[in-house]
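Subject: Structure handover

Hi,

Here is the structure I promised to pass on. Please open it first, then read my notes below it.

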Amino acid sequence: MSDRQTTTVLISSTLVAFLSGFMFGVYSIRGYLISPMLVQERRANLEDPVESEESDIDEDDTILDHAPNWTNGEEADRRQGLRAPARAAAPAAPAEPVVDATEECKLVLVVRTDLGMTKGKIAAQCGHATLACYKTLLKASAKAPNGPQARLLKKWEKYGQAKIAVQTKSQDEMMELMGKARSLGVTAEVIQDAGRTQIEAGSLTVLGVGPAPKSLVDGITGHLKLL
């Protein structure tokens, strides 16, 4: 075979290999080489996408109960079962709590241990309570940007957002603490569970008290044991 014929064969083989590889890649990307069942599943996902879900930090990988929708108002949250209903025993909070500019501020999370929640569940509920308290204080601050609540929130954010978890074994005690906090002008929010995983729907899981000056918060929750 002459050199010219050899060169022609090599060029032809290279072109055939390139075109074959190119077509194989295109078919693979478009899913033509995947099994029919996988193709149908892919097509179904494109036509009817499934919303992503948060997962709890548990061994059984259960679905996490959703936190309150922070674009909602309080009434919308309660209608959707995402926030505990107001109780007559809990008086409304005064508009302006007393704030000492030199005192440390903190948020205390009161967790019910009688519900048998796992560590992952407790962590999730504490996160909900923290955000609920933050949202409440943020809304109050927006109404009075230079008021005591705005200064309180800025101070808490600036110095590390101190948070402490304590425990209670009674829903009644939790509600009493919320009423006492609000009577002193301290932010207090209770999280109501939607009942999608470990506990009964409507259970009150965690009470957030604060952020507020340390002396005020200790007067409300200082007798409780650390979690």
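The protein has 7 helices and 4 strands. Helices (H or I, at least four residues) and strands (E, at least two) are DSSP runs, numbered from the N terminus. Read from the N terminus, the order of elements is α-α-α-β-α-α-β-α-β-β-α.

Some ground rules. This is a predicted model, so local features need pLDDT of at least 70 and side-chain atom pairs count only at pLDDT 80 or more, while totals for chains, interfaces and linings use all residues. Residues are numbered from 1 along each chain as its sequence is written, and side-chain values use heavy atoms, with hydrogens and water left out.

**Confidence**

pLDDT is the predictor's confidence in each residue, from 0 to 100. Its mean for the protein is 76, and 63% of the residues reach 70 or more. Two stretches need caution. Over residues 48-68, pLDDT stays under 50, and the model has 38 contacts beyond four places in sequence for them. Residues 88-95 also stay under 50, with 13 such contacts. Contact means heavy atoms within 4.5 Å.

**The whole chain**

Of the 227 residues, 36% are buried. Buried means under 20% relative accessible area, exposed over 50%, and partly exposed in between (1.4 Å probe, protein chains only). The protein exposes about 13,800 Å², and carbon and sulfur atoms supply 57% of that. These areas come from the Shrake-Rupley method with a 1.4 Å probe; for residues, only the protein chains shown count as cover. Residues 24 or more positions apart account for 71% of them.

**The cores**

A nonpolar core is a set of buried Ala, Val, Leu, Ile, Met, Phe, Trp, Tyr and Cys residues joined through side-chain atoms within 4.5 Å. The largest one holds 18 residues, and Val110, Val190, Leu207 and Val209 touch the most other members. Strand S1, helix H6, strand S3 (188-192), strand S4 and helix H7 each supply at least two residues of this core. H6 gives the most, with 5 residues. Another core lies apart from it, with 17 residues, among them Leu109, Met117, Ala129 and Leu152.

Beyond its neighbours within four places in sequence, its contacts include Val108, Leu109, Val110, Met174, Leu177 and Val190.

**Helix H7**

H7 covers residues 214-221, and Val217, Ile220 and Thr221 are buried there. They lie on the same side of H7, because they cover an arc of only 75° around the axis. The arc is that of the directions from the helix axis to the C-beta atoms. An α-helix has 3.6 residues a turn, so residues three or four places apart point the same way. What covers these buried residues includes S1 (105-112), H6 (171-183) and S4 (204-213).

Gly219 is also in H7. At 40% relative accessibility, Gly219 is partly exposed. Its C-alpha atom is separated by 9.0 Å from that of Ala181, 38 residues apart along the chain.

Thr168 lies in strand S2 (residues 163-168). Thr168 counts as buried because its relative accessibility is 2%. Its side chain makes a polar contact of 2.4 Å with that of Glu173. A polar contact is a pair of N or O atoms within 3.5 Å; within protein, one must be able to donate a hydrogen and the other to accept it, and residues adjacent in sequence count only if both atoms are side-chain atoms.

Lys121 sits in helix H4 (residues 119-143). Lys121 is buried, with a relative accessible area of 0%. A polar contact of 3.0 Å joins its side chain to that of Asp193.

**Loops and backbone**

Most residues other than glycine have a negative phi, and most peptide bonds are trans. Which residue has a positive phi although it is not a glycine? Gln161, at about 50°. Gln161 is in the loop between helix H5 (148-158) and S2. A cis peptide bond joins Gly210 and Pro211, with omega about 0°. Pro211 is in S4.

Last, Glu200 is in the loop between S3 and S4. At 63% relative accessibility, Glu200 is exposed. Leaving aside neighbours within four places in sequence, Glu200 is in contact with Asp193 and Gly195.

Best wishes
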